[in-house]
Amino acid sequence: MFSSGATGVSQYDTRIWLVDLQTFEQYIIQESHGRDPNVPISRIVDIYRDIIVWDFSEKLDEDLRCHYIMRFNLSTCMIDSVWQRNFESKGPKDLKIHGDHLAWWDSRDVVAWGGQAFIYDMETGEERLLSPDGCCASFVMMDGNWVVWEQGIPGNGIQIWIHDIERSESRPLTSGRLDKYSAYVLGDKVAWAECVVDGCTKY
């Protein structure tokens, strides 16, 4: 499963592909044509069991974009839109799926670097802001009941934050003056890199 630019047509055509690793057959799930180069289309793809999700953006005018999160069900071969918002900045980044939940970050309300982290329940349609208001989030990862991300805190550098989906609670996982990056969660373990003067040390 991957996103790619189409060859031999418009420079900005994109396709969502699915590859069956048992047969190595390739299938196109969605294809789009001739969009503006400043508007990202179908760039972020993730899969959980029989559900594939990806972002999709359309330019409405000079400033406003319509952003979608699309879903494809491998069992039913049905495709639909599970999330839609209109805002000026680019759409969801680091889109992740686990069970009925999606997690990502976007910069709809943030002017500076980074954005804010969100979680979305595809069954209830509830969207929740995870990151502290006014702070810069990026690099979201999710597994099971946990969502982790990089959080820029004024005066405290870049730290790793974690969200407990069942309890609906977010808290910092790290602290200190050194910046932390690239957190990854799997089961009940979280790993990240901490940058020091002469390089990065992984924890």
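Residues are numbered from 1 along each chain as its sequence is written. Because the model is predicted, local features need pLDDT of at least 70, side-chain atom pairs count only at pLDDT 80 or more, totals for chains, interfaces and linings use all residues, and side-chain values use heavy atoms, with hydrogens and water left out.

Select residues 157-164, which are strand β14. Strands here are DSSP runs of E, at least two residues, numbered from the N terminus. Seven of the eight residues of β14 are buried, so the strand is largely enclosed by the rest of the structure. Buried means under 20% relative accessible area (1.4 Å probe, protein chains only).

Two strands pair if DSSP finds at least two bridges between them. Val 148 has Ile 162 as its bridge partner. In the turn of this hairpin, Gly 155 has a positive phi of about 85°.

Asp 164 is bridged to Glu 169.

Next, select Trp 83, Trp 104 and Phe 118, which form one aromatic cluster. Rings of Phe, Tyr and Trp (its six-membered ring) pair if their centres lie within 6.5 Å; planes under 30 degrees apart count as stacked, over 60 as edge-to-face and the rest as tilted. The structure holds four aromatic pairs. One of them is Trp 104 with Phe 118, stacked at 6.1 Å centre to centre with 25° between the planes. Both Trp 104 and Phe 118 are buried.

Key: Buried < 20%, exposed > 50% of the residue type's maximum accessible area, 1.4 Å probe, protein only. Helix = DSSP H or I, 4+ residues; strand = E, 2+ residues; numbered from the N terminus.
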